Amino acid sequence: MSSKFKKNKSHSPSNKDWKEKTAVRAKKHLGQHFLRDENIARKIGDTLTLVNYTNIIEIGPGMGVLTKYILQKDVRLIAMDLDTESIEYLNTSFLLEHPETRNCKNKFQVIEADFLKYDLDTLFENESFAITGNFPYNISSQIVFKTLEHRNRIPEFTGMFQKEVAQRICEKPGSKTYGILSVLTQAFYDAEYLFTVPPSVFNPPPKVESGVLRLIRKSSQILPCNERLFYKVVKTAFGQRRKTLRNSLKIFQLTDEIKGMDLLTKRPEQLSVEQFIELTSLIEKSVN
């Protein structure tokens, strides 16, 4: 085992012990906050239902606190991280420290890569896969948007976000936190907020609480309207969320018939996903 890394057998270390024994330094520019609570890591691993798929991508595995619980399941796992130090640790000391992973070489691969730039079509031979992880807060929304782009291969998505972001993704109409991320995600996935995680279980502790969610893809992956137009309508509406839709959507040259709809007297946070789809369909017909 590389002298660079030290074994850490403690399952619930104090902050002091963790800093003394940790093998990988958390890097601020990568938004790293390493989870050090085994029970929470196990709970996140158990959020995966493993229905109709056996492939998983874990984003930002760090020191593998979640990784080892995923590998206890009958899956193929790709752990993807930008941190060279984490990659080295996972490929060496991690496998030595956790004997249960020694027989996982054929189903465990570590890739040093940026998930946001990686070509996902090159993974798992075009089979479906889930995504999970303790996501870097600074790119968590972008991770969700990329998931939506590849939803035909991603039946399930679970993981930890900044609590406010996780709640926003799962929020229902009528709330001030309901917005673009809520509508676009829920157009294709059923979203469920699972549990809250305090800052004290991370090293270093973040300044905010975290939240774990689960997304299960809906049976239909195709919207009954023009998808590009749907995205544009949603983003335009919430770009001026204090205005009624009649005013914020003027750029679409609405017909008098559409302008007269009760739907247009509302603000964007009052519309359900289905109502945004209905509105998009009407706009689509009016311009054709």
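The largest nonpolar core of this predicted model holds 55 residues. Within this core, Ile131, Phe157, Phe161, Phe230, Leu249, Phe276 and Leu279 touch the most other members. Helix α9, which covers residues 227-239, supplies the largest share of the core, with 7 residues.

Leaving aside residues up to four places away in sequence, Leu279 touches Val233, Leu245, Leu249, Ile258, Leu263, Leu264 and Leu271. One of these contacts, Leu249, is also listed with Leu279 among the core residues that touch the most other members.

Thr147 sits in helix α6, which runs over residues 140-149. Is Thr147 buried or exposed? Thr147 counts as buried because its relative accessibility is 1%, and the cut-off for buried is under 20%. Apart from residues up to four places away in sequence, Thr147 touches Ile131, Ile154, Phe157 and Tyr189.

The cysteines come last. A disulfide is a covalent bond between the sulfur atoms of two cysteines. How many disulfides does the structure hold? The number is 0. Cys170 has a relative accessible area of 10%, so Cys170 is buried. Cys225 is likewise buried, with a relative accessible area of 10%.

Definitions and conventions: Residues numbered from 1 in each chain as written. Predicted model: local features only at pLDDT ≥ 70, side-chain atom pairs only at ≥ 80, totals over all residues. Heavy atoms only, no water. Disulfide = S-S within 2.5 Å. Buried < 20%, exposed > 50% of the residue type's maximum accessible area, 1.4 Å probe, protein only. Core = buried A, V, L, I, M, F, W, Y, C linked by side-chain atoms within 4.5 Å. Helix = DSSP H or I, 4+ residues; strand = E, 2+ residues; numbered from the N terminus. Contact = heavy atoms within 4.5 Å.
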